[in-house]
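Reader: I would like to learn how to read the features of a protein model. Could we go through one together?

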Amino acid sequence: MGTVTPLPFANRATPLQTGFDRAELTRILDLYGRMVAAGHWRDYAMDFHRDAAIFSAFRRAAERPEYRIEKRPALRSRQGMWALVSEAGAILKRGDELANVLAPVERKLMKLVGD
């Protein structure tokens, strides 16, 4: 019988990339779908890095994203791992709960639908 060699990544402490779990992605895509239905957003992109997962929402595909929803688990014990970033790069909201971070966009959606 031969020897069994463990895979090199089997005991790696840090993941190779950060991602969204199913509930988080469902919440984000639900908001995206409602913004598309309101005629405000037209495209999105997702980036997955070692330290962050980023969902970007665009009014038009050729622009900078209107909003970026960032998940940075390393900031969980500091400011919170979720951040809502504006088109200009300013952090609009930061926190531990995704729903609270998405609240400014939800309010904007209510204004768009109410008009």
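Reader: Is Glu-66 buried or exposed?

Author: First, the ground rules. This is a predicted model, in which local features need pLDDT of at least 70 and side-chain atom pairs count only at pLDDT 80 or more, while totals for chains, interfaces and linings use all residues. Residues are numbered from 1 along each chain as its sequence is written, and side-chain values use heavy atoms, with hydrogens and water left out. As for the terms, buried means under 20% relative accessible area, exposed over 50%, and partly exposed in between, with a 1.4 Å probe and protein chains only. Glu-66 has a relative accessible area of 5%, so this residue is buried.

Reader: Where is Glu-66 found, and with which residues is Glu-66 in contact?

Author: Helices (H or I, at least four residues) and strands (E, at least two) are DSSP runs, numbered from the N terminus. Glu-66 sits in the loop between strand 2 and strand 3. Contact means heavy atoms within 4.5 Å. With neighbours within four places in sequence left aside, the contacts of Glu-66 include His-40, Trp-41, Arg-59, Glu-87 and Lys-108.

Reader: How many salt bridges are there?

Author: A salt bridge is a side-chain nitrogen of Lys or Arg within 4 Å of a carboxyl oxygen of Asp or Glu. By this rule there are nine salt bridges. One of them joins Glu-24 to Lys-71, with 2.9 Å between the closest N and O atoms. Glu-24 belongs to helix 1 (residues 22–37) and Lys-71 to strand 3 (residues 67–71), so this pair ties together parts that are 47 residues apart in sequence. Glu-24 is buried at 11% relative accessibility, and Lys-71 is buried at 8%.

Reader: Which residue forms a salt bridge with Arg-34?

Author: The partner of Arg-34 is Asp-30, and their closest N and O atoms are 3.3 Å apart. Both lie in helix 1, four residues apart, which means that about one helical turn separates them. Arg-34 is partly exposed at 31% relative accessible area, and Asp-30 is partly exposed at 40%.

Reader: What is the N to O distance in the salt bridge of Arg-59 and Glu-87?

Author: The distance is 2.7 Å, N to O. This pair links distant parts of the chain, 28 residues apart: Arg-59 is in the loop between strand 2 (53–58) and strand 3, and Glu-87 is in the loop between strand 4 (82–86) and strand 5 (91–95). Arg-59 is partly exposed at 26%, and Glu-87 is partly exposed at 27% relative accessibility. Elsewhere, salt bridges that share partners join Arg-27, Asp-30, Arg-34 and Glu-106 into one network.

Reader: How is a pair of aromatic rings described, and how many aromatic pairs are there?

Author: A pair of aromatic rings is described by the distance of the centres and the angle of the planes. Rings of Phe, Tyr and Trp (its six-membered ring) pair if their centres lie within 6.5 Å; planes under 30 degrees apart count as stacked, over 60 as edge-to-face and the rest as tilted. A search of the whole structure gives seven aromatic pairs. In one of them, the ring centres of Tyr-32 and Trp-41 are 6.1 Å apart and the planes are at 25 degrees, so the pair is stacked. Tyr-32 is buried at 12% relative accessibility, and Trp-41 is buried at 2%.

Tyr-32 also forms an edge-to-face pair with Phe-55, at 6.1 Å centre to centre and 75 degrees between the planes. Since Tyr-32 lies in helix 1 and Phe-55 in strand 2, the pair ties together parts that are 23 residues apart in sequence. Phe-55 is buried at 0% relative accessibility. Tyr-32, Trp-41, Tyr-44, Phe-55 and Tyr-67 form one aromatic cluster.

Reader: In what order do the strands of the sheet come?

Author: Two strands pair if DSSP finds at least two bridges between them. Here five strands form an open sheet in the order 1-2-3-4-5, with antiparallel pairing. Strand 1 (43–48) and strand 5 are the edge strands, each pairing on one side only. Strand 3 and strand 4 run antiparallel and are joined by five bridges. Lys-71 has Trp-82, in strand 4, as its bridge partner.
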